[in-house]
Amino acid sequence: MQSLADYHKIDPDVFSKTGAFDPVLSIDTRLFIDPRLLAITTVPEFKESYARVGNHFEDVMRVVKRIENENDPFWKAADKLLTFPEVKGLCIGYSSSGSSGSGMGPELRHDLLKNIIKIVAAGVDDPVLFELVGIFQDKVGADRISDMIAKIIIEDLIAFTQRVCSDCGIPMECMTLARGMMQEDLPKNPFTGDPIILVPKEVLSNLPEATYYGDIASVANFNEQLRLEINTKIGGALSTIALAEKKKILRETFVHHPDVLKEIIKTYINSVAEFYNFDNDPSGEVIWYRASKSAVDEYPLDLKLNRNPSLDEVENVVIQICTRFQTLVEDNQLAKLLYDEKGKAKHESAAQLLFFGIASTYCLVNNLDISPESDAGRGPVDFKFSNGAKGKVLVEIKLTSNNQLQHGFESQLPIYLKAEGSIRGVYLVIDNGGCTEGRMKKFIECVNSASKNAPRVILVDGSVKKSASRADA
């Protein structure tokens with residue numbers, strides 16, 4: 001686990017002055033390119049980027065208006081304009097593993113075109129609509145829109161990357177970004193072999209939860225009649241409606257009430273875009289990296305593992321790492337990284353990233369592999385430790401504020417263990433105060449009554465404590 005600057009031994013402060021986001025090369029950071037920020041960026045390579053995006057989507061809209069039926073020449077032209085091959089190397093987004101982007105396949109383009117045609121026929125033809133397709137289009141969120149934008153402005157991203165690398169002395173080699181694209185001189189990711197594309201920090205925004213794009217409530221507030229209509233369609237609590245159903249309702253709403261979509265576009269255009277605050281890091285997307293390295297340097301852990309370790313030995317090392325993580329959170333002020341500056345608990349991913357940083361750094365010198373969000377066919381598990389085919393121990397992290405706390409212990413992790421062919425697991429629970437006394441009691445009873453083959457539970461006190469000097473005051 002290394003950032004680009006660390007891998008090439010560049011001082012973090014020196015790299016920061018370039019204005020580029022320093023990516024952690026083995027995982028994606030959940031940030032995205034916000035097209036609105038392209039309009040106000042001061043980075044010279046991007047002075048024409050927003051116009052480039054606008055021109056592209058204007059071309060799409062002009063062609064869409066002339067489509068008469070599926071697969072006619074204009075349909076094919078629009079489909080080609082909406083073909084965005086996966087561009088590897090951005091190191092941002094929602095990719096479950098590695099640092100690959102999200103392409104847009106033929107089925108998704110077909111569905112998107114059908115929906116766009118209906119909306120245009122209803123009277124909405126603003127090209128900005130394509131920046132908001134995640135609101136109503138299935139399988140499209142901020143990360144996929146970000147990748148669409150990246151493909152449109154790829155020449156600007158390449159020019160920026162080449163300038164930063166030249167200034168910092170980072171070696172580049174001729175590499176192919178995606179199928180059908182020309183080769184370019186770019187830095188190589190030593191972990192994946194893919195090219196690396198740098199992105200200015202001032203065009204990056206916080207990647208929202210996917211459900212944000214299906215938030216009917218924010219749309220329904222535009223007028224009372226529409227609110228009543230949508231509530232009737234829902235027939236229950238908004239939280240009980242699946243994301244796909246939310247988007248379906250919004251698609252129907254925009255076709256029958258185009259003025260609502262026009263108002264949304266107007267609000268979007270007039271809204272103030274803000275780039276991600278890397279100093280305060282409200283979502284815990286970047287601070288974990290330096291914090292975990294500092295913690296491991298200050299509190300080294302002597303781990304021993306044989307060349308061909310038994311499962312018991314691997315599990316013992318994993319337990320030592322989890323226990324040290326517990327100590328660092330409870331006694332060494334790392335708990336404060338789990339909350340924003342207002343004291344609000346960050347998303348569970350902040351805790352996962354912090355643990356990943358600490359665990360992977362400890363593992364680096366002990367020949368113990370660690371992989372985040374391993375997918376064994378039954379859904380992701382947060383971390384998998386392994387050293388040889390016979391030694392695998394899975395670790396799943398949950399905050400007590402997570403409503404799936406007990407379900408994860410009873411069902412999720414045992415399923416992952418079976419899928420991975422492992423028989424050991426650790427359920428690392430961080431108490432951030434988000435669990436009622438009754439629900440916590442029920443969880444503890446569940447743990448105490450579990451079989452001996454159940455995952456081992458380690459409960460971490462995630463509350464922020466006063467430092468020793470302040471506590472004595």
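Helix axes are lines fitted to C-alpha atoms over the stretch in contact, and the angle between two of them runs from 0 to 180 degrees between N-to-C directions. On that basis, helix α4 (residues 49–64) and helix α5 (residues 73–81) pack at about 160°, with axes 9 Å apart. Angles over 145 degrees count as roughly antiparallel, so α4 is roughly antiparallel to α5. The crossing of α4 past α5 is left-handed. From α4, the contact draws on His-56, Asp-59, Val-60, Val-63 and Val-64. These meet Phe-74, Ala-77, Ala-78 and Leu-81 of α5. By class, the contact of α4 with α5 has 7 nonpolar residues, 1 polar and 1 charged.

The structure is a predicted model. Its chain holds 18 helices and 9 strands. Of its 473 residues, 49% count as buried. Among contacts in the chain with a separation of 6 or more, 71% are accounted for by residues 24 or more positions apart.

Helix α16 (residues 405–420) and helix α17 (residues 437–448) have axes that come within 9 Å and cross at roughly 15°. The two helices are therefore roughly parallel to each other. Here too the handedness was assigned: α16 passes α17 in a left-handed crossing. On the α16 side, the contact involves Leu-405, Gln-406, Phe-409 and Glu-410. On the α17 side are Arg-439, Lys-442, Phe-443, Cys-446 and Val-447. The residues of the contact of α16 with α17 divide into 5 nonpolar, 1 polar and 3 charged.

Helix α7 (142–152) is largely enclosed by the rest of the structure, because 10 of its 11 residues are buried. The buried set consists of Ala-142, Asp-143, Arg-144, Ile-145, Ser-146, Asp-147, Met-148, Ile-149, Ala-150 and Ile-152. It includes charged side chains such as Asp-143, Arg-144 and Asp-147. The cover over the buried residues of α7 includes β1 (31–33), α3 (35–38), α4, α6 (106–121) and α8.

Helix α8 (residues 154–168) has 15 residues. From its first C-alpha to its last, α8 reaches 21 Å, close to the 21 Å expected at 1.5 Å a residue. Its buried residues are Ile-154, Asp-156, Leu-157, Ile-158, Phe-160, Thr-161, Val-164, Cys-165 and Cys-168. Elements that cover them include α2 (12–16), α4, α7 and β3 (183–186). After α8 comes Gly-169, with a positive phi near 75°.

Two individual positions were also examined. Ser-205 lies in strand β4 (residues 204–206). Its relative accessibility is 12%, so Ser-205 counts as buried. Neighbours within four places in sequence aside, Ser-205 is in contact with Leu-31, Phe-32, Asp-34, Leu-37, Glu-274 and Tyr-276. Of these partners, Leu-31 and Phe-32 fall in the range of β1 (31–33). Leu-37 falls in the range of α3 (35–38).

His-347 is found in the loop between α14 (311–331) and α15 (348–364). With a relative accessibility of 41%, His-347 counts as partly exposed. His-347 and Ser-283 are 64 residues apart in sequence. In space, His-347 and Ser-283 are 6.7 Å apart, C-alpha to C-alpha.

Technical notes:
Residues are numbered from 1 along each chain as its sequence is written. This is a predicted model: local features need pLDDT of at least 70, side-chain atom pairs count only at pLDDT 80 or more; totals for chains, interfaces and linings use all residues. Side-chain values use heavy atoms; hydrogens and water are left out. Helices (H or I, at least four residues) and strands (E, at least two) are DSSP runs, numbered from the N terminus. Buried means under 20% relative accessible area, exposed over 50%, partly exposed in between (1.4 Å probe, protein chains only). Contact means heavy atoms within 4.5 Å. Angles under 35 degrees count as roughly parallel, over 145 as roughly antiparallel, 65 to 115 as roughly perpendicular and the rest as oblique. A crossing is left-handed if the near helix is turned anticlockwise from the far one by less than a right angle, and right-handed if clockwise. The expected span of a helix is 1.5 Å times one less than its number of residues.
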